[in-house]
Amino acid sequence: MVLFGPPGAGKGTQAQLLRDRLNLAHVSSGDLFRQNLNNNTPLGLKAAEYMKQGHLVPDEVTIDIVLDKVLSLNSEEGFILDGFPRNRYQAEVLEKALAQRSRGIDKVVHIDVCQEELIRRLAGRFNCRDCQAPHSIDKVAFSQEDLKCGQCGGELYQREDDRPEAVQRRIEVYQRETLPVLDYYREKDLLLDVSGLDTVEKVNKDVLAGLGVI
Ligand code: AMP
């Protein structure tokens, strides 16, 4: 399955819930880049130049790293792609690579959230340095305890690309380059549209209901 939506829609949060509930592997392109950056690999350092400004990392870097991960999974293992594909070319390459292994995308879940809400959410988003889990923090009234990950106790930090200048660019890039991928999947009748404006639990319920799991 592909989890699709603008930055701040809640893809990462929903991916973690779906991973646990449906026993799927979670492959997040952004997390793969951040792990590389934490380990100071050449790939991580190259990706970071684009990420911090809110641009897409070039396809020749991105496609290899994501496909390596997906194609290394056991053929029985289902997976959730989070943050990939982000343009039409990535979608086409993904489809071909999966077809060569007699695999494919069953569903594309589109989590839709309006722009004002995205900006509000990203301003208060903090991520765990260890497990990457996203958390929402009220910057005016937070305690030291709030800066610890609720899942693994790791330290929370604000991503450089969640700062206002980069957020605006990421939303523009989403509208220009990533939104057209929706039409690609709509034509293939794979799309499930879900409003991402509700609580995490309600969005999760809507996704599971749309997938026919509950
Ligand atoms: P994310 O964690 O999904 O918000 O991704 C963070 C950043 O990583 C994005 O703003 C891009 O710079 C880069 N990135 C992640 N996925 C992709 C992708 N599929 N194509 C190009 N760049 C990506």
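In this predicted model, the buried residues of helix H2 are Ser29, Gly30, Asp31, Leu32, Phe33, Arg34 and Asn36. Because seven of the ten residues of H2 are buried, the helix is largely enclosed by the rest of the structure. The elements that cover these buried residues include strands E2, E3 and E7 together with helix H3 (42-51) and helix H4 (59-71). After H2 comes Asn40, which has a positive phi, near 55 degrees.

Which parts of Ser29, Gly83 and Arg86 face a nitrogen atom of the ligand? For Ser29, it is the side chain, with an N or O atom 2.7 Å from a ligand nitrogen. Gly83 instead uses its backbone, from which an N or O atom lies 3.0 Å from a nitrogen atom of the ligand. Arg86 brings in its side chain, and here an N or O atom is 3.0 Å from a ligand nitrogen. On its own the ligand has 480 Å² of accessible area, of which the protein covers 96%.

Setting aside residues up to four places away in sequence, Gln90 touches Asp59, Thr62, Ile63, Phe84 and Pro85. For a sense of scale along the chain, Gln90 and Asp193 are 103 residues apart, and their C-alpha atoms are separated by 21 Å.

Two of the residues that Gln90 touches, Phe84 and Pro85, are joined to each other by a cis peptide bond, with omega at about 0 degrees. Most peptide bonds are trans. Pro85 sits in the loop between strand E3 (79-82) and helix H5 (88-100).

Turning to the strands, E4 (residues 108-112) is mostly covered, with four of its five residues buried. Strand E1 (residues 2-4) runs parallel to E4 and is joined to it by three bridges. In this pairing, Phe4 stands opposite His110 in E4. E4 also pairs with E8, again in the parallel sense, over five bridges. Here Ile111 is found opposite Val194 in E8.

A further set of strands forms an open sheet of three, ordered E6-E5-E7, with antiparallel pairing. Strand E6 (134-136) and strand E7 (156-157) are its edge strands, each pairing on one side only. Two bridges link strand E5 (residues 125-128) to E7 in the antiparallel sense, and Cys128 stands opposite Leu156 in E7.

The side chain of Asn127 reaches the backbone oxygen of Gln132 at 3.0 Å. Beyond neighbours within four places in sequence, Asn127 is in contact with several residues, among them Gln132, Ala133, Pro134, Glu155, Leu156 and Tyr157. Its contacts also include Arg159 and Asp162.

Most residues other than glycine have a negative phi. Asn23, however, has a positive phi, near 60 degrees, and lies in the loop between helix H1 (11-22) and strand E2 (25-28). At 68% relative accessibility, Asn23 counts as exposed, because the cut-off is over 50%. Asp189 likewise has a positive phi, near 60 degrees. The loop that holds Asp189 runs between helix H8 (180-187) and strand E8 (191-195). With a relative accessible area of 65%, Asp189 is exposed.

Terms used:
Residues are numbered from 1 along each chain as its sequence is written. This is a predicted model: local features need pLDDT of at least 70, side-chain atom pairs count only at pLDDT 80 or more; totals for chains, interfaces and linings use all residues. Side-chain values use heavy atoms; hydrogens and water are left out. A polar contact is a pair of N or O atoms within 3.5 Å; within protein, one must be able to donate a hydrogen and the other to accept it, and residues adjacent in sequence count only if both atoms are side-chain atoms. Accessible areas come from the Shrake-Rupley method with a 1.4 Å probe; for residues, only the protein chains shown count as cover. Two strands pair if DSSP finds at least two bridges between them. Contact means heavy atoms within 4.5 Å. Buried means under 20% relative accessible area, exposed over 50%, partly exposed in between (1.4 Å probe, protein chains only).
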